[in-house]
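This report describes one protein chain, beginning with a single residue and moving out to the whole. Please look over the sequence and the structure before reading on.

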Amino acid sequence: MDEDFRKAALDYHRLPRPGKLAIEPTKRMATQRDLGLAYSPGVAAACLEIAADPKTAYDYTTRGNMVAVITNGTAVLGLGAIGALASKPVMEGKAVLFKKFANIDSIDIEVEERDPERFVEAVAVLEPSFGAINLEDIKAPECFEIERSLRARMSIPVFHDDQHGTAIIVAAAVRNGLLLQNKPIEAAKIVTSGAGAAALACLDLLVAMGAQRENITVCDIEGVVYEGREVLMDPYKSRYARATNARTLADALPDADVFLGLSAPRVLKAEWLPSMAPSPLILALANPEPEILPEAVRAARPDAIVATGRSDYPNQVNNVLCFPFIFRGALDAGATTINEAMKVACVEAIARLARAEASEVVVAAYGGQAPIFGPDYIIPKPFDPRLILEIAPAVARAAMESGVATRPIADFDAYREGLERFVFRSGDLMRPVFAAARGAGRRIVYAEGEDERTLRAVQTVLDEGIADPVLIGRREVIAEKVRSMGLRMDLDDSVRVIDPAADETLTPLLPLYQGKVGRRGIPPDAAARALRTRPTVAATMLLETGQVDAAIVGGLGEWMTHWHQAFDIVGKRPDVGRVYAMTGVILPAGTLFFVDTHLLVEPDAEQIAEMTLLASEQVRAFGVVPRVALLSHSSFGASDAPSARKMRQALRLIRERDPSLEVDGEMHADAALEPAIRARAVADGRLTDSANLLVFPNLDAANIAYNLLKAAADGLQVGPILLGMNKPVHVMVPSTTARGIVNLSAIAASQTA
């Protein structure tokens, strides 16, 4: 990695607190009674139940949702045998991915033990603590014996992800690649470069799916694995030794349908590719540099389908497509192991998902670009929200059908609904927005370019590829802060700086600005000063004249002042009556959106209807299906007060204009968030679940509500997001953090797409 990325990675792991994991309680402990229930004497009741029936541990403890990520540090990523302690950042990262993608709690355990038998002893005695074991980064061939021994001794799933996770994704890619090329797997000729744990596991799974051993040629650092070879051989590799005259990778490639590389950079030469079969499938999975770069393959064999392990090319083979979700299904079914049937079910689910037509939610999650099954899309992307919904049920069903499930799932429709609630409440609000913004090359101007929050945010914007930043401010001040803060941006290359006092970029904009504000009480001299001294004015004029695509302003001083300056220049969309402000609050249980939080003090019914429809449009841009609650002190007609009548009238207008929108009201806030309370209040409620978009009768209620919830629940604010502006501009509040600026940047960039 380059030095800039290395420094960013170290900062990521070190700040604001070391590491990537923490432990949070799941039960309230606010009173003496709570403590008595949680510990002594109440805990004895749960202990006695488990002692009488060990299966009840899944009812009274976290065991059924707890995975141990365990290594001895003998084969860490591409770093080799760096030891257990040095592997801890990787294992913490794996635990974080379990939580992020599948809501599985996980603890990393690093065991400093190179002897396989002693390592097995250390791990086997941990069985009472966990529902499953994820072995990680253990070198071959010891990993085969370690996993085999632990699976024989333990009655919970033991899964070496380096082997089986990679194998599952590779098998899905091969399934779909061969399908596109109209080649049956039974007839496919397969050549591998690499004979480690992952490569052999890939071949084992492909054989289980129909590949023929006589069609497989394995190559390693010594060349072809052939019958009679004695150098660098072991029993696991010997399974694939066959009679052949080929001795090198180049010898083995002619007429091959599939190249599978899990070895080293640049071992596959472009000049060898013409000898392969028509329309070959090339999986070059060495990281960070593959066995051959996709552009080299395209130049030599434009008919080939290529997959790599990298995120900057199509068809990324990434274990995160698999391991969180196969464990989710195994844990939920109480599986005693992860067997071949469950792995094959996982393969087929992933392969089907790539072939499936994308829904609107999925399109939003992919940044507005619908993924279409074809040579550049044979496996889903790691952030596809459907992965857990398809893989976990398939794995759980396979566990039941193969007889290893101890807690069979009785209602798969209800199970899937529970998974959906996790997917769309998991705090991944910004995921589709970042996807839409990334790589689009949008230019965003930041009015407060000297602010340290802005500079930290801009560094992230650059790192994420969200936009091309333009900073308003004094160049020497910005340069000094970049240096003192240790940031890596280049003010002569990746970032443009416009100094209002010295840069002539603004001079040609003055006549246009004077024309916009001359009839609003701002004389020509004052307009000239404002353009040079008010960064919000300068930034929005750059936006208005098309020199940038979006603007982020405010964050210092009075919010309404910045808003008026921006609105006077950009104005509203011609198809809307007003501009409104929506604010999101990301909470552990999901995200809530509030409208209008900043602009309209006392909206009428028409304006409430308009803001609701605009807000729903923006919520959909996050890949979230809006469920709208019109809030009031009144609950479903209980009051005839003017504000209650206003909300009822707004409901009628909204339903007339968008009959498909899930919206109901007027209702209390607790009824909006709790379906059970709502059901007691009215029998014909229109919301299918908790509301996620809350519409208030006036600005006071909305602003107070979102600020209270943000502070009380430690929520992350997103916004305010301006709805109905003629061009993408957003005004930061003073409390906006650097991360908040990054989020607003992604929103603004995606709005220009």
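Leaving aside residues up to four places away in sequence, Asn315 touches Ile305, Val306, Ala307, Thr308, Pro375, Asp376, Tyr377, Ile378 and Ile379, where a contact means heavy atoms within 4.5 Å. This is a predicted model, in which local features need pLDDT of at least 70 and side-chain atom pairs count only at pLDDT 80 or more, while totals for chains, interfaces and linings use all residues. Residues are numbered from 1 along each chain as its sequence is written, and side-chain values use heavy atoms, with hydrogens and water left out.

Asn315 sits in the loop between strand E10 (305–308) and helix H13 (323–332). Helices (H or I, at least four residues) and strands (E, at least two) are DSSP runs, numbered from the N terminus. The side chain of Asn315 reaches the backbone nitrogen of Tyr377 at 3.3 Å. Asn315 counts as buried because its relative accessibility is 4%; buried means under 20% relative accessible area, exposed over 50%, and partly exposed in between (1.4 Å probe, protein chains only). The C-alpha atom of Asn315 is separated by 48 Å from that of Leu512, which is 197 residues away along the chain.

Helix H13 is mostly covered, with 9 of its 10 residues buried. Among them are Phe323, Phe325, Phe327 and Arg328. Just after H13, Gly334 takes a positive phi of about 65 degrees.

Another buried residue is Thr166, at 10% relative accessibility, in helix H8 (residues 161–180). The side chain of Thr166 makes a polar contact with the side chain of Asn319 at 3.1 Å. A polar contact is a pair of N or O atoms within 3.5 Å; within protein, one must be able to donate a hydrogen and the other to accept it, and residues adjacent in sequence count only if both atoms are side-chain atoms. Not counting residues up to four places away in sequence, Thr166 also touches Asp161, Ala198, Cys202 and Leu262.

| Residues joined | Omega |
|---|---|
| Ser40 and Pro41 | about 10 degrees |
| Val595 and Asp596 | about -10 degrees |

Pro41 lies in the loop between helix H2 (32–38) and helix H3 (43–52), and Asp596 in the loop between strand E16 (590–595) and helix H25 (605–621).

Positive phi values also occur in residues other than glycine. Leu232 has phi near 55 degrees and lies in the loop between strand E7 (223–224) and helix H10 (235–238). With 48% relative accessibility, Leu232 counts as partly exposed. For Arg266, phi is near 65 degrees, and the residue is in the loop between strand E8 (258–261) and strand E9 (281–284).

What does the secondary structure of the protein chain come to? There are 30 helices and 21 strands. The radius of gyration is 29 Å, close to the 27 Å that the globule rule gives for 753 residues, so the chain is as compact as a globular protein of that length. That radius is taken over C-alpha atoms, and the rule is 2.2 Å times the number of residues to the power 0.38. Along the principal axes, the C-alpha atoms fill a box of roughly 95 × 65 × 50 Å. Buried residues make up 53% of the 753 residues. Among contacts between residues at least 6 apart in sequence, 71% join residues at least 24 apart.
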